[in-house]
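Me: Hi! I have a two-chain model open and would like to talk it through with you. Could you help me find my way around?

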Amino acid sequence: MSDLARGEALQSQYLTVNLAHEEYGVDILSVREIRGWTPVTRIPQSPHYVLGVLNLRGAIVPVIDLRLRFGLAREEYNATTVTVIITVAGRQFGIVVDAVSDVIDVASDALRPVPDMGTTVDTEYLKGLTSIGDRMVLLLDADKLLQPQDAQMLEAALNAADDVKAVA
Amino acid sequence: MSNISIAQFHKVFFEESLEGLDAMEAALLALDEGGDAELVHSIFRAAHSIKGGSATFGFPDMAALTHEAESLLDQVRDGRRAIDKSIIELMLRTVDCLRGMFDRAQSGQPLANGESESLKQQLAAAVGHAGPTATKVAAKPAAASGWIIQFRPHAGMLAGGNDPLRLLRELAALGQLVVEAQLDRVPTLDALDPTECHLGWRIELTGSVSREAIAGVFEWVEDECDLSIEPLVAAAPPPAPAVEAVSAPAGAGGAAGTTRSAAASSNDAGSVRVGIDKIDGLIDLVGELVITQAMLDQFREEFDPSRLAMLQQGLAQLARHTRTLQESVMGIRMLPIGSVFNRFPRLVRDLSQKLGKQVKLELVGEHTELDKTVLEKIGDPLVHLVRNAIDHGLETPEKRRATGKGDIGTLRLEAFHRGGSIVVEIVDDGAGLNREAIIAKALQKGLIKSGEGISDDEVGELIFQPGFSTAAVTTDLSGRGVGMDVVRRNVVDLGGTVAIKTRPGNGTTFTITLPLTLAIIDGLRAAVGDECYIVPLVSIVESIQLPAEAIRSVTGGGELFRFRGEYRPIVRLHQQFGCTNARQNIEDGLVIVVEADGNQVGLFVDELIGQQQAVVKSLEANYRRVDGISGATILADGSVALIIDIAGLIRLQSRRKAA
């Protein structure tokens, strides 16, 4: 019993998803649900990686394509393509990934920092990596996936303020 | 523990008392214009409730001040003192002071301050001025007046759950009682039915109590007893044998009970109080809905095509009920604008006195209902506009006479429905906007290049600029730097618009147009390429099909079309929103003429799909604001459609052009 409790304190669970032949982990506590890909409504004047919004039981939830977010080529969506709905800081959004694969336990001491790889994937959105057997899993920092929009939001707000001046 | 439980009621007490103060203020202002005794009674009742409540809830300073006010009112009520301007002024200041005390009580600060103390003394002095006799009378109200009440319950009264003792206790709360039991109808012991009431009472009630208050005590047993209430004429006759003197406990609670209804009836802002008729209507509707559901449920068991007509009928019924239910539920949020208008008589009175102007305020359409959210936020802009109208718009009596107008200026606030909107107009018959001063100021600020050829309405638009104030001297009333731009922004935030019409010498009209509700809109679904957008019905003027040759191209890529004698720009929605597979030729699609902020444009879309109600959902909750989009809604098939913000779209287009 006490062993178990100690074990839980040190471990966290991650949902792993497949994206361009890599495996990524999302903190399972922020995952709300996993649903098959359904078409979304496009939002004008949005970054290209924001596919649009979908109706999640009455709430309007934006959906981003993780491939596009990471600057990868877009794949055709198929039967395994899923939308993972994530809640971060009270906001919900969906990420579209190639497939979901597993739930893994990661002990905190098994978490390795991400080396600066200069690779295709921006390391800004990763909070670490770990290995399960001979597989490497990149752990996503879900907080940061929507965050770079703050800059855009600020820009939009400034534009709007200019507007008010121009119109008034 | 007891402290906690009392504090639970503070909120209700504050709410009720503030309503009481509003009622007092309204009655005082009505009295100022000549009113009747009933007004004095209502002021007295409100003051009395506040006094009782504040004593009960532990605000002795408040109770002391209201006590003095009540004493003064008491003299007025008994006709021992004529009401005059000075008393009204004093009472109005007391109302203000009490409001301040309530504010401080809510934030837990000490209540009394110099103002309240000085007011208390002034009130006490005013009470004293009534003359020695009057003071003596006021000091000993017991001798002044009273009532003889003959109360003989019918035998069956106890069976109705009414306890005569309770009634006596309530009477005791009103004043000093001398009660004489009448035993003449008590039967002999063997004939006595203990479940019947055989006693009667003759009650002498001394104290300044109104007849209504006494009748109120017996309100519930009127039909079950013989009751007579007569004024006490001579000095009280010596009590007969078998007298039981009931001591009158200082019953603030009991007395407040009789006055509460009066205080609560007048005003219903602050929290949503839903009329019982509205609730009953909802219950009826839900009942209908259940019946319809049961009817449709039959088809689940067995269905054959012969009953198709019935199914269709049932579905039509369902649609109708759902729509009515929705309207009724939205109606719960609707409150009359009167609760906002109510603050203006006082404001206008104070302002006009201060500025030496004579103003007649007309309030029209107080019963027009507005969404609660809108109502809460429209107050400040309206106050600002009214202040401006009195400060800058209306002239002094001398000036008015010089221009051939009557001495008294008129300020009209009017609320009414127009289409899907509520319109609030603030109309004054003052001097109108000072065209020269505004143009000079605009030139100085570099807002316009020359004063030539600017229409009166365009001049009006100028005053909505940030930081624009033409008052030569900034008075302490308006011109504190919070300008018309804030008014416009507040209204625009509510999804409304402000327009101004002014004619020099003839006054100014501000027209505020507000949406009925923020939660549900009527819209048309328009298809653009692979997508579909909702265009709010209120902004649609007309939809037309244009031949290609009706389009005039202007340098810089703009397109214009002629509509009702004017050239209007065309907004190609697919270009603005980047839609794919949209129709490119004007003659293949449809142009919806839409209007926002007084601008008309033609919105080019592929086709109209149909009309529908849209429940507005926020995009910002999970995403962010999008220019040209006011929100999203969920269609019947569960997919999401975006709602177009016409004003935003027009801004977007002009910005694109500028860029």
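Me: Let's start with chain B: in which order do the 5 strands of the open sheet come?
Reply: The order is E7-E9-E10-E12-E11 in chain B, and the pairing is mixed. Strands pair here if DSSP finds at least two bridges between them. Helices (H or I, at least four residues) and strands (E, at least two) are DSSP runs, numbered from the N terminus. Before we go on: this is a predicted model, where local features need pLDDT of at least 70 and side-chain atom pairs count only at pLDDT 80 or more, while totals for chains, interfaces and linings use all residues. Residues are numbered from 1 along each chain as its sequence is written, with chains lettered from A and ligands numbered from 1 in the order in which they are written.

Me: Thanks! Which are the edge strands?
Reply: Strand E7 (359-364) and strand E11 (497-503) of chain B; each pairs on one side only. On average, neighbouring strands of this sheet are turned by 15° against each other, direction ignored.

Me: And how many bridges join E11(B) to strand E12 of chain B?
Reply: There are 7, and the two strands run antiparallel, with E12 covering residues 507-515. In that pairing, B:Ala499 sits opposite B:Thr511 of E12(B).

Me: Which helix packs on the sheet and touches E12?
Reply: That is helix H16 (residues 372-393) of chain B, which touches E7, E9, strand E10 (421-428) and E12 of chain B. Its direction makes about 175° with that of E12(B). Contact here needs C-beta atoms, placed from the backbone, within 7 Å. Angles run from 0 to 180 degrees between N-to-C directions, and axes are lines fitted to C-alpha atoms, for helices over the stretch in contact. Helix H15 (residues 344-355) of chain B lies across E7 and strand E9 (409-418) of chain B, at about 165° to E7(B).

Me: I also clicked on B:Pro515. Why does B:Pro515 count as buried?
Reply: Because B:Pro515 has 20 C-beta neighbours inside 10 Å. The rule is: buried with 20 or more other C-beta atoms within 10 Å of a residue's own, exposed with 12 or fewer, partly exposed in between, all with C-beta atoms placed from the backbone. B:Pro515 belongs to strand E12 of chain B. Leaving out residues up to four places away in sequence, B:Pro515 touches B:Ser421, B:Gly495 and B:Gly496.

Me: Switching to chain A: how many helices and strands are there in chain A?
Reply: Chain A has 4 helices and 10 strands. From the N terminus on, they run α-β-β-β-β-β-α-β-β-β-β-β-α-α. Of its 168 residues, 28% count as buried.

Me: Which strand of chain A is mostly covered?
Reply: Strand E7 (residues 91-97) of chain A is, with 5 of its 7 residues buried. Strand E6 (residues 82-88) of chain A pairs with E7(A) in the antiparallel sense over 7 bridges, and A:Val82 is opposite A:Val97 there. E7(A) also pairs with strand E5 (residues 59-65) of chain A, in the parallel sense over 3 bridges. In the hairpin of E6(A) and E7(A), with 2 residues between the strands, A:Ala89 takes a positive phi near 50°.

Me: Nice. What about A:Val40, where does A:Val40 lie?
Reply: A:Val40 is in the loop between strand E3 (31-36) and strand E4 (50-56) of chain A. A:Val40 is buried, because 20 other C-beta atoms lie within 10 Å. A:Val40 and A:Val53 are 13 residues apart in sequence and 5.4 Å apart in space, C-alpha to C-alpha.

Me: Which residues have the most contacts inside the largest nonpolar core?
Reply: They are A:Val26, A:Val53, A:Val63, A:Val84 and B:Leu603, in a core of 72 residues. A nonpolar core is a set of buried Ala, Val, Leu, Ile, Met, Phe, Trp, Tyr and Cys residues joined through C-beta atoms within 7 Å. Apart from that core lies another, of 42 residues, including B:Phe341 and B:Ile512.

Me: Last one: how many residues of chain B are in contact with chain A?
Reply: 28 residues of chain B contact 23 residues of chain A. The elements giving two or more residues to the chain B side are strand E22 (629-634), strand E23 (640-644) and helix H22 (646-658) of chain B.

Technical notes. Contact = placed C-beta atoms within 7 Å.
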